[in-house]
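Trainee: Hi! Could you walk me through this structure?
Mentor: Happy to, let's open it up.

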Amino acid sequence: MSDKSTPDYKQTVFLPQTSFPMRGGLPKKEPEILKYWEEIDLYNSLRAERADAEKFVLHDGPPYANGQLHIGHALNKILKDVINRSQSMLGKNANYVPGWDCHGLPIEWKIEEQYRKKGKDKDEVDITEFREECRNFAAHWLDVQAGEFQRLGVLGDFSEPYKTMRYESEALIAKEIGKFLMNGGLYRGAKPVMWSPVEKTALAEAEVEYHDHKSVTIYAKFEVKSAPLDAIIGAHIVIWTTTPWTMPGNRALAYGNDIDYVCVKVDAVEEGALAKVGERLVVAADLLADVCSAAKITATAEEARFAGRDIAGLVAAHPLAAHGYDHEVPAFAGDYVTTDQGTGFVHIAPGHGPEDYELAHIQHGVPVPDTVNEDGTLAAHLPLYAGMHVLRDNAKIAEDMAEKNGLIAIGQLVHSYPHSWRSKAPVIYRNTAQWFISMQENDLRKIALDEIEKTAFYPPAGKTRLSSMIENRPDWCLSRQRAWGVPIPVFVHKQSGEPLRDQVVVDRIVDAFHEHGCDIWFNWDPQDFLGETYNAADYEQVKDIADVWFDSGSTHAFVLEARNDLHSPADLYLEGSDQHRGWFHSSLLESCGTRGRAPYKGVLTHGFVLDEQGRKMSKSLGNVIVPQKIIEQNGADILRLWVVSSDYYDDLRIGHEIIKRQTDHYRRIRNTMRYLLGALDGFTQAEAVSLEEMPELDRWVLSRLAEIDEVVRTKSAAYDFHGVFTALHDFCNSDLSAFYFDIRKDRLYCDDQSGVARRATRTAMAKTFESLVAWIAPILCFTAEEAWQAYPGNEGTSIHMRTYAPIGDDWHDQALSDKWAQIRKIRTVVTSAIEQARNEGLVGGSLQAIAALTVTDEQAALFEGQDLASLLITSSASLQSGEVPAGAFTLEDVAGAGVVITAADGGKCARCWKVLEEVTEQAPICGRCNDVVSAVS
């Protein structure tokens with residue numbers, strides 16, 4: 001039995017105490033903090049507080065309001081919020097206005113899906129009724145997404161977000177279209193554009209994704225009718241294509257000037273070959289073997305060899321010339337023709353590809369035939385194939401051409417092919433009359449490229465990517481043959497075909513849209529827009545709607561310029577890397593075309609989210625990670641930590657093991673905050689000591705705070721939050737928990753409360769807490785708030801109303817930092833030796849050890865004035881300089897230092913647990929502890 005008269009010295013130890021719990025309980029705690037932010041009106045309070053501060057504007061790229069958030073949304077919005085909160089911590093007025101894309105195919109497609117399930121035909125529904133259903137659908141999901149974004153901790157003006165379907169937005173989008181109309185940039189023309197036969201509309205490049213597709217391939221033959229080389233007249237030029245449906249649209253051939261071609265006679269074929277013995281074929285010399293293999297040709301004899309430039313002016317016949325396709329087929333040099341695949345010749349259908357259109361129609365004036373209907377069927381006027389479908393009937397077309405002696409081979413190929421990202425169906429190039437914004441008119445391409453050079457890109461590779469897209473892009477196809485969106489508010493004169501360019505009419509339309517919304521374009525009398533100056537009977541009213549990318553590309557006009565709490569150009573646009581061809585692209589062209597400048601000063605791109613194995617997420621793989629589930633199980637702060645701990649410039653991975661790892665990171669940071677809060681129980685500024693009164697180790701902490709503050713500010717300004725996280729995590733884990741806290745624990749728990757040494761430690765810890773809680777606030781916004789309010793005197797205030805804690809001008813001491821870096825390195829020799837001694841059973845812990853440290857004279861100078869035992873966390877320690885004794889423990893990377901560990905003699909102090917000779921059965925605590933206990937008593 002213990003002696004009840006022995007004092008309980010545990011009660012005299014100044015153990016940490018805090019209301020900040022070890023376990024976060026984030027799924028329960030975070031909603032409480034959200035409610036608190038709502039109660040104090042944090043968003044508007046912060047706006048009032050920063051009203052006169054420098055503005056920072058991160059303009060929100062609008063997501064579609066058409067379903068619940070996925071993990072990519074979470075990445076995007078969290079990163080935006082981290083940036084905005086960090087800019088706020090830097091003292092700026094970082095107002096964030098969230099926005100939504102409410103028009104366009106994704107939402108319209110959802111309503112059509114509902115119709116199809118009910119057996120209804122969308123085209124039979126009144127357009128105003130249909131548009132209202134789209135509007136209601138978007139409004140519902142907008143509200144759902146707004147709540148989900150805020151649950152992630154995103155702070156912004158959710159009471160007044162921007163919506164592309166607001167009347168004011170629709171009016172200003174129409175006004176922007178009017179600017180292109182008036183400056184001559186908008187025109188109507190017929191060109192091949194990406195077309196979805198399923199959705200019956202033109203698509204933007206950003207609405208297209210690529211998937212594997214199995215195509216029927218054919219080798220078709222064109223008989224040479226006239227050519228500069230007599231040797232090839234009557235021979236057949238062979239082409240290879242993966243789109244047999246384009247053969248009715250063929251109007252030319254392309255060859256390469258510098259390609260070597262051969263004309264060969266077929267001497268032998270395998271059984272079942274379509275090629276015939278005696279036929280003469282013309283192909284690229286380098287591809288002859290491949291063509292023969294595909295066509296089951298086993299022997300040939302070369303009759304002629306020549307360069308492409310030698311056949312300039314050649315004219316051939318269509319493979320189906322005897323069956324209604326009796327037009328001439330001229331051959332033109334094309335610089336894009338290669339010998340990588342195929343035959344060295346390319347069949348040209350100017351209605352079914354931009355390069356074909358450019359070469360045949362623009363350069364050589366070849367007419368563009370109309371061959372494909374909007375539903376993907378071949379036109380009724382086409383011989384043989386009228387009504388056949390461009391995607392479903394390629395095998396039939398190939399077989400028929402073979403029967404009519406138009407082919408030498410049929411095959412199949414699985415290759416990457418464009419698909420509509422909404423319907424997931426393959427798309428085609430189709431020649432249609434559309435409205436375009438010219439890249440040449442008003443020097444749009446040049447201005448855009450010049451503005452890219454003035455823009456900061458994060459990462460820098462984004463500049464090259466966007467530039468190459470602008471350099472090579474065709475004119476912007478603005479029109480869509482859909483119902484839900486902002487109409488292209490243009491009238492075309494029926495006789496001249498010219499669009500009406502009258503600013504008074506444009507303004508009248510814009511004013512009407514502003515008051516009534518753009519639905520009126522479809523149900524008002526056109527005369528109401530034209531006024532008394534023009535007769536509606538003389539004009540065609542355009543009913544196409546504008547590309548939804550024009551809507552979002554115009555947000556700088558109806559958000560940044562329309563609100564006095566923002567500015568234009570924005571400081572930053574931030575989206576996924578696919579938006580180089582999407583929002584970054586359309587916003588740049590829209591702004592450059594109407595204002596002559598970019599709408600942004602900087603562009604940041606992040607990668608896509610993959611699973612832990614690096615695979616794209618899909619329901620079929622069962623690897624979809626839902627952000628709502630992570631929040632329910634772990635909390636939003638864990639997701640936020642995942643974002644900043646990842647290299648978000650590249651693709652990010654997420655899964656159960658990765659979330660578990662983030663939880664471990666979070667626990668380290670939380671435990672650091674908890675230790676600081678516990679250590680600072682009851683601390684007030686009256687207890688603080690000056691820098692001059694502090695021991696070196698505590699001054700070293702302040703120097704580290706100054707260094708990390710510089711890292712945080714610099715990397716925050718460069719949007720490098722991966723770097724911020726790494727610095728903070730290492731500071732918490734290495735500098736504080738594993739070093740400073742470990743050493744100062746004894747002083748904190750056992751020293752005299754009023755002593756300068758203990759007060760210095762608490763002063764350093766107070767400065768550390770104030771800095772650290774502000775540094776983590778943009779990242780762990782909920783945890784930082786909880787920790788801040790657990791600090792004495794902060795109850796009822798928000799950390800997010802503050803800025804980064806001020807750093808004293810005299811805190812940073814590079815010489816001191818360098819000195820302690822060396823001390824810490826030498827210290828690892830001792831800590832490693834003690835660990836070895838523990839493993840060997842020599843000591844049970846470091847306080848049961850005596851360390852005899854030997855170092856060089858230079859190293860010994862580092863330890864002058866230091867309490868070596870306290871620094872090494874041993875009961876006693878000695879230091880000598882000279883040769884390291886034999887048998888001493890050393891580390892290869894710490895030259896000149898060695899230590900001998902022995903077990904400490906004496907008794908174990910019942911209060912501080914040091915093993916000292918002065919501690920006996922009669923004197924159960926050491927002298928230091930006895931003085932403290934006596935003073936307290």
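Trainee: Which residues in helix 22 meet helix 23?
Mentor: From helix 22, Leu-728, Phe-731, Cys-732, Leu-736, Tyr-740, Phe-741, Arg-744, Arg-747 and Leu-748 touch helix 23, whose partners include Ala-757, Met-765, Leu-772 and Trp-775. Contact means heavy atoms within 4.5 Å, and helices are DSSP runs (H or I, at least four residues) numbered from the N terminus, strands being E runs of at least two.
Mentor: One caution: this is a predicted model, where local features need pLDDT of at least 70 and side-chain atom pairs count only at pLDDT 80 or more, while totals for chains, interfaces and linings use all residues. Residues are numbered from 1 along each chain as its sequence is written, and side-chain values use heavy atoms, leaving out hydrogens and water.

Trainee: And at what angle do helix 22 and helix 23 pack?
Mentor: About 160°, with their axes 11 Å apart; axes are lines fitted to C-alpha atoms over the stretch in contact, and angles run from 0 to 180 degrees between N-to-C directions. Helix 22 and helix 23 are therefore roughly antiparallel, a label for angles over 145 degrees.

Trainee: New topic: what volume does the largest pocket have?
Mentor: About 2,100 Å³. A pocket here is an open set of points on a 1 Å grid over the protein atoms alone, where a 1.4 Å probe fits, with protein on both sides within 12 Å along at least five of seven lines; lining residues have an atom within 4 Å of a point. The volume is the space filled by probe spheres set on the points, which are joined across faces, edges and corners.

Trainee: Which lining residues are closest to its centre?
Mentor: His-70, Gly-72, His-73, Trp-421 and Arg-422, out of 50.

Trainee: Which element gives the largest share of that lining?
Mentor: Helix 3, with six residues.

Methods: Angles under 35 degrees count as roughly parallel, over 145 as roughly antiparallel, 65 to 115 as roughly perpendicular and the rest as oblique.
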